[in-house]
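Colleague: I would like to learn how to read a helix and a core in a model. Please start with the terms.

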Amino acid sequence: VLDAELVRGDNPAVRSNLAGALLLRFRIIGRISDGERALQLAGEAAASAPELADLQVVHAAALSAFHRFAQAQQALARARTAGAAEASLAALQRDLWMAQGRYELLREDFARSGEPIADFYELAHRADLRLMQGDLEGASRWYRTAQDLYQDVDPLPLAWLYTQQGIALLRHGLYAQAQPFFASAHQRLPEYALASEHLAECEGQLGHHERARELYLAVIAQTENPEFMAAL
């Protein structure tokens, strides 16, 4: 629908909305061409209407997805100049600092990481912080509690959450313990590439080579990602 709207007229808001939709599909399916097109469209939209804060935010998210962190920070600054509320930028700003290792700017987050909070994404963030502090048990407790807070029907947040728990276990070399989480994420959302490739990794490490091959072949066909070809 958005593609058709864009053909009918070059509207920056439509271009940005299409970029956002492609970016979401890229995060699920993992096809690089979706991400690259999202980045191009978001950049064009932001450049053509710098006064629209929402367009700058989408551009920042697309830049961040490709690890262009300095440019993403600049896009967030433009969003602030265009009048975006700080609360709407907080999560993306925090993720940028995390990705760049700017932990000194997250001192308050680390201090509160052991405190409960009734918010799905905030609790998952605190789980990440507990993990970074070497507290796998505390991180796992927050991941599990975050699941109990989720009341929607969209499978992506839960598949993402299970994958984060699985990755936390992988960091400690616990393949057998991680496998059920990746399997659950894969069951909820079979096209979620991040879960599928980590499930394949676990199956391979556990000696289930035929199952690992099946998973890798499927995720390679879906993403065309050379990293997964090398893993296979």
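Modeller: Buried means under 20% relative accessible area, exposed means over 50%, and partly exposed is in between, with a 1.4 Å probe and protein chains only. Helices (H or I, at least four residues) and strands (E, at least two) are DSSP runs, numbered from the N terminus. The model here is predicted: local features need pLDDT of at least 70, side-chain atom pairs count only at pLDDT 80 or more, and totals for chains, interfaces and linings use all residues. Residues are numbered from 1 along each chain as its sequence is written, and side-chain values use heavy atoms, with hydrogens and water left out.

Colleague: Which residues of α13 are buried?

Modeller: First the general idea. An α-helix has 3.6 residues a turn, so residues three or four places apart point the same way. In α13 the buried residues are A212, L215, Y216, V219, I220, Q222 and T223. They lie on the same side of α13 because they cover an arc of only 160° around the axis; the arc is that of the directions from the helix axis to the C-beta atoms. L217 and A221, on the other side of α13, are exposed.

Colleague: What covers the buried residues of α13?

Modeller: The cover includes α2 (12–29), α3 (32–48), α11 (175–188), α12 (193–205) and α14.

Colleague: What comes after α13?

Modeller: E224 follows α13. This residue has a positive phi of about 60° although it is not a glycine, and it lies in the loop between α13 (209–223) and α14 (226–231). E224 counts as exposed, at 58% relative accessibility. H67 also has a positive phi of about 60° without being a glycine. Its place is in the loop between α4 (53–65) and α5 (69–81), and H67 counts as exposed because its relative accessibility is 59%.

Colleague: Which residues touch the most other members of the largest nonpolar core?

Modeller: A nonpolar core is a set of buried Ala, Val, Leu, Ile, Met, Phe, Trp, Tyr and Cys residues joined through side-chain atoms within 4.5 Å. The largest one has 37 residues, and L161 and F182 touch the most other members. α10 gives the most to this core, with nine residues.

Colleague: Which residues does F182 touch?

Modeller: Contact means heavy atoms within 4.5 Å. Not counting residues up to four places away in sequence, F182 touches T163, G166, I167, L170, A195, H198, L199 and C202.
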